[in-house]
Amino acid sequence: MTSKATGSITVTVEGSNKSTTLPLLGGTLGPQVADIRKLYGDLGIFTYDPGYGATASCESTITYIDGDEGVLLYRGYPIEQLAENSDFLEVCYLLLNGELPTNGEYKAFHKGVTYHTMLHEQLRRFYDGFRRDAHPMAIMCGVVGAMAAFYHDNLDINDAEQRRIAAFRLIAKVPTIAAWAYKYSIGQPFLYPRNDLGYAENFLYMLNGVPAEEYVNNPILSRAMDRILILHADHEQNASTSTVRLAGSTGANPFACIAAGIAALWGPAHGGANEAVLKMLAEIGSPENIPQFISEVKDKNSHTKLMGFGHRVYKNFDPRAKIMKETCHEVLAELGIKDEPLLDMAMEMERIALSDDYFIQRKLYPNVDFYSGIILKAMGIPTSMFTVLFAVARTVGWVSQWKELIEDPSQRIGRPRQIYTGAAARDFVPVDKRG
Ligand code: ACO
């Protein structure tokens, strides 16, 4: 991976004769980036960018987003083409290795992943330590983190083969961990993975199957699940991925890094949004209450957000939301759900919001989570599992980004700076002299 020098930018400190010239770098696509690494050395100045909205933290060859044009590419391939023609495991191969697999490579990869789907039997006992009503994301953080204890001593992150095996283990085991978190919460027996099923099929089987009944796969639903996994597989340097990279930059165990990513994903501003969309729709109750809700959202003092709307990067439309909307209709048709009040409300909400100046001016459009919650609900997946499904899908993205980080010779420990606004240096005052 190499960006190219495309020019330079001169920074002059007003009112002084101090200035420096910084290189401008260009990638394959996207805006030029000022390389500010020597800014502090030359001028004694840091840059300030809370939320890192204007800062590139790494070079990456994995995913590209053009937020103004609504473009999302995995390794150069448009998300629409992958969602239409590919399957999740092929996308995993692509994200991890950079190219689509040949037939033989796909088969070997499939075998490699299925070989690792079972959990160490001792991990099963971890579940008993959680309260029955524990949020499954809390269980995910705990159990994925605990995998570090099972695969630490024999894991050298500087060995490419061991990194490859860690990637297989993570991709293969997260559906099992996730499904068991769900089964635990409803008191049903854990189902062991079935390697004769596809990735999405097996996941649905472990979620919905019971030992007492023969499991019947619905190809439309497993295809919808596969598509949801593809759409969520990676999204460049978002909050959870940056968390994985930051943890990974210290040389930490990859399972611990992914657990950190899961924790970051959990928040309602990130992966928790699809769960929040359904809660929001349920609270609104019926379409006639939407205008009142929208005025609340627009009121600065209310702190109410239209969940499933807005994105840090997409300022035109979220290409994943478009595919999700189509999938949503397919799933509802397959399940014979003609009048889904939540979907009707979502459509009405979308219509009102998209014609409202507040949302137009701020370029707020439905994001991927606006529709995914409705699909998952229709498929019978409980709301608390929504973010878990997101974590299952994103694991491959996190692992690919972690692997890229470790293989990048220019990587250093992540360590942002700050503007200190606290007290200036002062002397300690003994307690009897205070006040
Ligand atoms: N509802 C109402 N107003 C909003 C929303 C929203 N969903 N999103 C942003 N705004 C407003 C902000 O209040 C702000 O208004 P102002 O300029 O008058 O102060 C303006 O739009 C810009 O918003 P920012 O907060 O600067 O946008 P940012 O890029 O920081 O946040 C985020 C992006 C976190 C996704 C935000 O839009 C949000 O909270 N959306 C709802 C949660 C959600 O759906 N998250 C899922 C994201 S997709 C994902 O993680 C897969």
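Q: How much space lies in the second largest cavity?
A: Keeping in mind that this is a predicted model, about 40 Å³ of space lies in the second largest cavity.

Q: And which residues line the second largest cavity?
A: Its lining is made up of Gly310, His311, Tyr314, Phe317, Asp318, Tyr365, Pro366 and Asn367, and by class these divide into 4 nonpolar, 3 polar and 1 charged.

Q: How many cavities does the search find?
A: Searching the whole structure gives 2 cavities of 30 Å³ or more, and the largest cavity holds about 70 Å³ of space.

Q: Which elements give two or more residues to the lining of the largest cavity?
A: Those elements are α4 (103-114) and α8 (199-208), and the largest share of the lining, 3 residues, comes from α4. Among the lining residues are His110, Val113, Thr114, Tyr199 and Asn202, and the whole lining has 4 nonpolar, 6 polar and 1 charged residues.

Q: Switching to the strands, in what order do they form the open sheet?
A: The open sheet has 3 strands in the order β1-β2-β3, with antiparallel pairing. β1 (4-12) and β3 (33-34) are at the edges and have a single partner strand each, so one side of each is left without a neighbour in the sheet.

Q: Over how many bridges do β2 and β3 pair?
A: Strand β2, which covers residues 19-26, pairs with β3 over 2 bridges in the antiparallel sense, and Leu25 has Val33 in β3 as its bridge partner.

How values were computed. Residues numbered from 1 in each chain as written. Predicted model: local features only at pLDDT ≥ 70, side-chain atom pairs only at ≥ 80, totals over all residues. Heavy atoms only, no water. 1 Å grid on protein atoms, 1.4 Å probe; cavity = no way out; pocket = protein on both sides within 12 Å on 5 of 7 lines; lining within 4 Å. Points joined across faces, edges and corners; volume = space filled by probe spheres on them. Helix = DSSP H or I, 4+ residues; strand = E, 2+ residues; numbered from the N terminus. Nonpolar A, V, L, I, M, F, W, Y, C, P; charged D, E, K, R; others polar. Pairing = 2+ DSSP bridges.
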